[in-house]
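Please read them with the coordinates open beside you.

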Amino acid sequence: MVKTLFDKVWDAHIVAPETSETPAVLYIDTHLIHEVTSPQAFAMLRERGLTLRCPEKTFATMDHSTPTSKPDDKGEYHFNGEREKRQVEQLKTNCETFGIQLFELGDSRQGIVHVVGPEQGITQPGKTIVCGDSHTSTHGAFGALAFGIGTSEVGYTFATQCIPQRKPKTMGIRVDGELSEWVSAKDLILAIIVKIGIGGATGHVIEYFGEGIRALNMDERMTVCNMSIEAGARAGMIAPDKKTFDYLEGRPYVPKGAAWQKAIDDWSQLYTDKNATYDQLVVINAADIRPMITYGTNPEMAIPISQTIPAHSPQHALDYMGFEVNQDLIGLPVDVVFIGSCTNSRITDLRAAAKVFAQKQVAEGVRVLVVPGSHQVKQQAEMEGLDQIFIQSGAQWREPGCSMCLGMNGDIIQPGEICVSTSNRNFEGRQGKGGRTLLASPQTAAYAAVEGKVVDPSAVMKKHTQEVA
Amino acid sequence: MKAVRHIKGTAAVLAVDNIDTDQIIPAEHLKITDKKGLGKHLFSNWRYLADGSNNQDFVLNQAKTQASKILIAGDNFGCGSSREHAPWALVDFGIQVVISTSIADIFRNNSIKNGLLPILVDKDSHNYLLEQNSREICIDIESQKILCKDREFRFDLEPFTRFCFLNGMDQLDFLMSHSEKITQFESRQVRYAS
């Protein structure tokens, strides 16, 4: 029987098949947890007198409520408030009690859960991975079936290493051709979300494939899979290939020696069989994609930067943003630029941003936060001197965490402020009550920082190319 | 979870599409380690004005609908973040049913574990229901019907969800009943020695 990539991973994890009366019991290989969505699940274990079934399959990090300022001379972290501190302390206590590997503050492996999993090699092809965080779809870039769950299911996974699931439908997204050099993976996924809509993939697992996907590096593939949830998808997946294996080889949690070869042999079978079909197929021409930016209050409300706000835009969103139909965003003054989040805080994102910042100053009055996704990313960036480029241009070089993506740690924007952000959600108030978010790529965000306004990177880069020629 | 067959109550209409869980419960209210007291923060950015007073234009602040049990919302309700704080806040406020044409997967999964019934209806029924703000509505879970004035709308309900509501069944008990099979599965799963 021919199978899709998703079918193969799904079928290999069925403890009990679904029936008309009951969902499937799906086995979970890896459970990632953080401080915000786990405390009530640990409480449930305690209330019901249950044990954690597989501590060795559970990994914890601290990211949402953590400060992005450095610890003081005594090594103390200064939290935004007592409640944030309590969440972090409680995670530490819970991990000690239940024997869970924790990458805590100060640990060189700490960072955003969706950055840490892959870079530690915990994320692997063919695995089922869950986390109490919707951007768990990120890990699908490795050919894993990875999705976000709520706290009840965090508790179920603690207790049984399983969750109840109806088999989702599949959506194939084929990307023909390759992206232009001034277009990034972020622009691609924003264009995809515009095409299928914010609820367009509800009930579906997306598989991204085709030449345009093969050409992406692992960081870029993670950016694409990360935002699958912004189209409502249960998960996003990409079949593993040599780039996947090269990325993973030698990382702490991957198999070693003969087992590595065996793993690669197995993982190489994880692709959609010829003649297998998806419930829906969407085709994207990569050459058509331009640098994108959002103008509204969800990621579907995005346009190529060179275009104006479309006529069909919901009025309540325009009212919130203070924008009008047919308005041009190019030249719009910005107050804040945020480069970070599980979407765009990896080393290649920082390199792309640094290239724009080099030899330039942040425009007057613009506050710029550059927040690496993890300590590993931070170290790598510092080794390459990227931190100095950011600092010398006037940007803030912070400690790893989710930071201004959702502002739980106090990194927020003020009411009315415009923030060009490399994060994933431009929902009302997401980055701070009354704040206005424009989602874009690291390059576009970096240009906004140095110009002090929205610019189209493709226009700048084309101009630069002509001047050089 | 309590067994429930009927839910009868006042409907509140919030005719906005794509209401995300950041609106249902903003991130500043996720800094808790229990589930209590989230009802007062439900839709807080819409429900309260900058000075903290009630926004009287918001449906859940209006006399006829402030004790609603049934929320009729625009398309694609509950999209975005996986925070289970969203159904916790709705339930703590007193909402027991959410009706829309589509409901985001994670929010729907979270809701049914907290006794919040997500109901999907077709476009025509939805259009009718969007006009029924402050009306008394009855949901019959067993027959899968919405009764509103003299109208009746049948809705689909995933059989396991229906069973859990009608019998007060906890989904964890369902999973725990498979513990032998889980052990068998683990013993035959491929492992790569490292």
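Which residues of the largest nonpolar core touch the most other members?

1. The model is a predicted one, and its largest nonpolar core holds 202 residues, of which A:C162, A:I193, A:I293, A:V337, A:A353, A:A449 and B:V98 touch the most other members. Helix α6 (residues 185–196) of chain A gives this core its largest share, nine residues. Because domain 1 (5–282) and domain 2 (292–468) of chain A both give residues to the core, it lies between them. As general background, nonpolar side chains in soluble globular proteins tend to be buried together.

2. A:C162 deserves a look of its own, and, leaving aside residues up to four places away in sequence, it touches A:V15, A:V25, A:L26, A:Y27, A:I28 and A:Y156 of chain A, together with B:L175 and B:I182 of chain B.

3. On the contact between the chains, chain B contributes 47 residues and chain A contributes 57 residues. On the side of chain B that touches chain A, two or more residues come from each of α1 (21–24), α4 (105–112), α6 (159–167), α7 (171–176) and α8 (179–188) of chain B, and the largest share, five residues, is that of α7(B). Sorted by class, this side of chain B has 20 nonpolar, 15 polar and twelve charged residues.

4. Chain B contains an open sheet of seven strands in the order β4-β3-β2-β1-β5-β6-β7, with mixed pairing. Its edges are formed by β4 (117–120) and β7 (151–154) of chain B, each of which has a single partner strand, so one side of each is left without a neighbour in the sheet. From one strand to the next the twist averages 30°. Within this sheet, strand β2 (residues 70–73) and strand β3 (residues 97–100) of chain B pair in the parallel sense over three bridges, and B:I72 has B:I99 in β3(B) as its bridge partner.

5. Chain A has an open sheet of five strands with parallel pairing, ordered β17-β16-β15-β18-β19, in which the edge strands β17 (396–397) and β19 (436–439) of chain A each pair on one side only. Strand β15 (residues 336–339) and strand β16 (residues 367–370) of chain A run parallel and are joined by four bridges, with A:V336 standing opposite A:R367 in β16(A).

6. Across β15, β16 and β18 (418–421) of chain A lies helix α15 (residues 442–451) of chain A, which runs at about 150° to β15(A).

Technical notes: Residues are numbered from 1 along each chain as its sequence is written. Chains are lettered from A and ligands numbered from 1 in the order in which they are written. This is a predicted model: local features need pLDDT of at least 70, side-chain atom pairs count only at pLDDT 80 or more; totals for chains, interfaces and linings use all residues. Two strands pair if DSSP finds at least two bridges between them. Axes are lines fitted to C-alpha atoms, for helices over the stretch in contact, and angles run from 0 to 180 degrees between N-to-C directions. Two residues are in contact if their C-beta atoms, placed from the backbone, lie within 7 Å. Ala, Val, Leu, Ile, Met, Phe, Trp, Tyr, Cys and Pro count as nonpolar, Asp, Glu, Lys and Arg as charged, and the others, Gly among them, as polar. A nonpolar core is a set of buried Ala, Val, Leu, Ile, Met, Phe, Trp, Tyr and Cys residues joined through C-beta atoms within 7 Å. A residue is buried if 20 or more other C-beta atoms lie within 10 Å of its own, exposed if 12 or fewer, and partly exposed in between; C-beta atoms are placed from the backbone. Domain bounds come from an automatic or database domain assignment.
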